[in-house]
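Please read the points below with the model open beside them.

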Amino acid sequence: MSYLVRRLEFFFITLWATLTMNFILPRIMPGNPAEAMLVRYHGRVSPQTIKAIEVAFGLNSNESIFQQYLEYLRNTVTGNFGTSVTFFPVPVGDVIKQGLPWTLGLVGMATIIAFALGTLLGMLSAWRRGGIFDAILPPVFIVISAFPYFWLGLLFLLAFALTLGWFPLGFAYDLTDSINLSWSFAGQVLWHGFLPALTIVITSVGGWILTMRNTMITTLAEDYVKMARAKGLSPVRIMLMYAGRNAILPNLTGFAMSLGFVISGAILVEIVFNYPGLGFTLLQAVHSEDYALMQTLFLMITLAVLLAVLAADVLTAILDPRTREQG
Amino acid sequence: MRGHRLFGIGLGAILLLASCGGSTGNNTGTQKSVGGVLTIDNESGALWQCDFNPYNGSVNGQSFGILYEPLVYDNLLNDQKTNWLASGYKWSADSKTLTFTIRSGVKWSDGQDFSADDVVFSFNLLKQFPAADLQSDWSVLSSVTKQGSDQVVMTFQQAAVPNFYQIAGQTAIVPQHIWSAFKDPASQPVKQPVGTGPFTMSACTGQNIAYKRNPSYWQKGLPYIDTVNYPAFLDNDPANAFLAAGQAQWGGQFIPNIDTYYVGKDPHNNHYWFPPIDNINVWLNTTVAPLDNKAVRQAMAYGIDRGAVSQKGEFGYEPAGNQTGVLSPTFDSWIDKGQADKYGYKLDVTKAQGLLQSAGFSKGTDGIYKDASGKRLSFSIINIAGYTDWVASVQVIQDNLKQVGIEIKPVNLEATSYFDKLFTGNFQLAYGSVNTSPGPSPYYELRNSLHSATTASIGQTAAGDYGRYKNPTLDGLFDQFGQTTDQAKQHNLIKQVEAIILEDVPIIPVTEGVAWYQYSTKDFAGWPTKDNPFAAPAPWNLPDWEVTLLHVYKKS
């Protein structure tokens with residue numbers, strides 16, 4: 001139990017630290033949101049417009065930084081994230097709501113698929129160490145995972161969308177359609193999401209294969225595996241329940257963290273495939289010095305990572321009795 | 001709009017490998033019938049928020065023109081004025097009162113009648129809420145009242161003839177019966193827009209806005225197009241791919257290697273035209289010695305090969321500028337050829353060095369000129385690191401000036417800190433444009449670049465005139481321009497302005513920024529062209545895009 005208490009303490013201290021950092025960092029950036037607006041419009045707005053926008057943004061407030069900090073903490077706790085400057089006057093919550101489902105769907109699914117696939121393949125190649133499978137798979141994926149994923153995305157777009165025309169040129173669903181619950185819409189989402197998801201899976205699966213294979217090899221040499229073999233258990237059971245279950249432990253925290261980072265989206269994939277996710281929104285918030293939006297997104301990312309790590313710790317405690325006893 | 005600068009050249013080059021999909025065009029159809037779905041391709045840099053408020057500067061690009069209209073359409077490229085929601089207007093003799101006659105028979109898209117009351121309401125709304133007054137109409141207006149049943153009288157604090165462009169041409173008129181309920185018109189989200197425009201908003205998602213033809217539009221029989229789709233593109237590259245694949249017909253952003261990448265896909269139907277709309281200059285901070293010395297400024301103007309900058313820095317897409325400061329060919333009728341030729345500013349090393357020598361500078365052993373005290377002619381020039389074309393342009397300028405004997409050190413900054421330095425005068429030289437919306441004659445850009453009323457002391461934000469140039473004679477010429485509606489007089493005044501810019505070189509125009517515009521004649525005709533510039537052609541030219549959409553029709 002004390003193990004969990006310690007984990008929770010750590011969780012809250014980290015949370016407070018990130019909240020504070022989150023407040024300070026955007027404010028030490030140079031410039032102001034109205035100037036950033038000029039950048040975004042490439043000078044196609046007059047200074048008068050900028051002045052009007054400054055008034056509308058309420059940039060001329062005289063609140064002290066400490067007052068702002070207290071208000072920020074209060075707003076964060078009450079879930080009042082303010083108004084986005086980039087998408088003025090839309091509330092930050094609405095901006096995030098627009099991109100979140102797509103990011104969770106695309107990057108989340110791709111991460112889970114990559115982890116599941118990578119772990120399984122890693123397990124198999126370690127199980128048949130030196131086999132054809134083991135000789136080909138790890139090296140191939142190490143090479144592929146070294147590709148920048150936007151580059152691979154561009155290549156796929158060029159080959160399968162632009163030249164062959166099998167897949168659409170971007171967007172999350174057909175341009176003229178609107179979000180609805182129907183099979184045809186679900187089909188569109190899958191069709192539009194296929195190439196971006198494939199890009200992410202292919203470039204990230206290599207890492208999982210490799211780490212799983214390596215820990216699996218060490219585990220296979222353990223006495224309890226030999227014992228299980230000697231007892232005549234079925235090979236599948238040994239692979240999954242004896243070797244696999246132990247080998248997966250170090251990977252679990254890594255997986256939890258990458259799940260947490262799902263919220264930050266995949267900026268370059270979103271740009272290449274013109275996909276409406278949060279990654280690009282985050283980039284825009286930074287470009288536009290949109291404090292409210294930026295802070296909320298960073299907050300969500302840190303919160304998601306912290307929660308995921310906490311969940312992984314709990315899961316580790318369940319899977320591995322040793323962690324519980326050591327506490 | 002972000003597409004103004006040449007972004008993402010590297011990524012685009014990869015897509016360039018795309019193979020062609022040839023097709024044959026048919027240009028014979030001249031029957032203009034109603035119908036067709038036209039798709040706009042303009043990098044918006046964000047998903048749509050589905051807000052159609054013309055008084056909100058961050059979203060008015062999706063509503064002003066096509067949904068809400070101005071009183072008079074004033075063509076950005078040639079100042080041709082067409083009566084729009086006003087059927088006529090008249091200036092008083094002292095140019096301080098402007099009377100509009102409001103068009104009758106116009107209906108709002110919800111069926112209610114449009115009237116002079118809506119116009120009076122709209123302008124007074126902007127007075128009440130300065131945040132909504134995007135064009136600063138009330139910096140010159142003093143009252144807007146109704147007269148009789150269909151006239152609107154505007155009085156001005158001073159003669160303000162050029163402000164006609166902002167007031168009549170750039171201010172959207174909104175319906176009183178809906179907007180009178182809004183508490184804060186600048187930030188009011190407008191989800192169901194009601195306007196007088198040729199289209200109505202029929203559906204909006206983050207990805208796309210669909211506009212449908214307004215069957216009761218006041219210009220009978222118009223528009224021809226049935227549906228306009230406006231997808232949201234996050235970046236240039238996907239937008240360019242979409243356009244090149246023929247999925248959109250009207251583009252408005254930079255395309256690297258456009259002749260192969262876009263025109264080559266369908267040479268018969270894919271076209272582009274890039275009319276210049278502003279100058280990209282070397283700004284000289286005239287408060288910094290020795291940039292306060294005219295001879296040094298002139299020497300620099302003779303030390304830059306503008307053609308080379310255009311070719312090497314801008315791929316030839318943005319043409320070379322000229323030292324009169326007047327855009328060519330856009331405003332050719334305003335250029336004083338004779339004077340420009342007399343000075344003949346072009347790369348002329350001998351002449352530049354002669355100017356420096358007669359001003360008391362001597363060449364040092366390192367090839368750079370020095371003043372009597374031994375101070376070298378060496379300047380830093382600020383620039384935006386993300387604008388790869390500008391960075392390349394400054395490299396050419398750097399090489400040019402080195403031949404003359406002037407050292408330039410580029411400082412490539414992140415955009416926000418660049419603007420901060422530019423606006424506050426915290427630079428020696430700066431590369432860039434004046435960051436105000438362009439106007440329909442050279443007056444607008446030149447006044448904003450050089451009138452001392454737009455400047456501020458060092459450390460304060462200047463709205464224009466970043467070089468802190470002060471010349472009472474020049475200011476007087478601009479002020480006189482503002483008081484006259486006489487075309488001949490206006491031309492004469494601008495010629496005097498050019499004379500000062502040529503002689504005094506307060507700024508060095510190097511290249512000309514353009515309106516990026518691509519169009520396909522495969523299915524649609526009636527586009528604005530170089531020979532028929534009835535509207536500024538980019539989809540982000542407001543409200544000109546409405547006029548383009550009124551002319552374009554589907555070929556049968």
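1. A:Thr215 touches A:Ala247 and A:Pro250, not counting residues up to four places away in sequence; two residues are in contact if their C-beta atoms, placed from the backbone, lie within 7 Å. A:Thr215 lies in helix H8 of chain A, where helices (H or I, at least four residues) and strands (E, at least two) are DSSP runs, numbered from the N terminus. A:Thr215 counts as buried because 21 C-beta neighbours lie inside 10 Å. The cut-offs are 20 or more other C-beta atoms within 10 Å for buried, 12 or fewer for exposed, and in between for partly exposed. From A:Thr215 to A:Ala161, 54 residues apart along the chain, the C-alpha separation is 39 Å.

2. A word on the source. This is a predicted model, in which local features need pLDDT of at least 70 and side-chain atom pairs count only at pLDDT 80 or more, while totals for chains, interfaces and linings use all residues. Residues are numbered from 1 along each chain as its sequence is written, chains are lettered from A, and ligands are numbered from 1 in the order in which they are written.

3. Chain A has 15 helices and zero strands. Of its 327 residues, 43% are buried. Among the contacts in chain A with a separation of 6 or more, 74% are between residues 24 or more positions apart.

4. Helix H7 (residues 149–163) of chain A packs on helix H8 (residues 183–220) of chain A at an angle of about 140°, and the axes are 9 Å apart. Axes are lines fitted to C-alpha atoms, for helices over the stretch in contact, and angles run from 0 to 180 degrees between N-to-C directions. That angle makes H7(A) oblique to H8(A); angles under 35 degrees count as roughly parallel, over 145 as roughly antiparallel, 65 to 115 as roughly perpendicular and the rest as oblique. The residues in contact include A:Tyr149, A:Gly153 and A:Phe156 of H7(A) and A:Pro196, A:Thr199 and A:Ile200 of H8(A). By class, the contact has eleven nonpolar, three polar and no charged residues. Here Ala, Val, Leu, Ile, Met, Phe, Trp, Tyr, Cys and Pro count as nonpolar, Asp, Glu, Lys and Arg as charged, and the others, Gly among them, as polar.

5. Helix H9 (residues 223–230) of chain A and helix H10 (residues 235–247) of chain A pack at about 155°, with axes 10 Å apart. H9(A) and H10(A) are therefore roughly antiparallel. A:Tyr224, A:Val225, A:Ala228 and A:Arg229 in H9(A) meet A:Ile238, A:Tyr242 and A:Ala243 in H10(A). These residues divide into six nonpolar, no polar and one charged.

6. Which residues have the most contacts inside the largest nonpolar core? They are A:Val269 and B:Leu71, in a core of 173 residues. A nonpolar core is a set of buried Ala, Val, Leu, Ile, Met, Phe, Trp, Tyr and Cys residues joined through C-beta atoms within 7 Å. Helix H5 (residues 92–127) of chain A gives the largest share of this core, 13 residues. Beyond four places in sequence, A:Val269 touches residues including A:Tyr149, A:Gly153 and A:Pro196. A second, separate core has 66 residues, among them B:Leu327 and B:Ile381.

7. In chain B, B:Asn163 lies in the loop between strand S7 (151–156) and helix H3 (164–169). B:Asn163 counts as buried, with 23 C-beta neighbours inside 10 Å.
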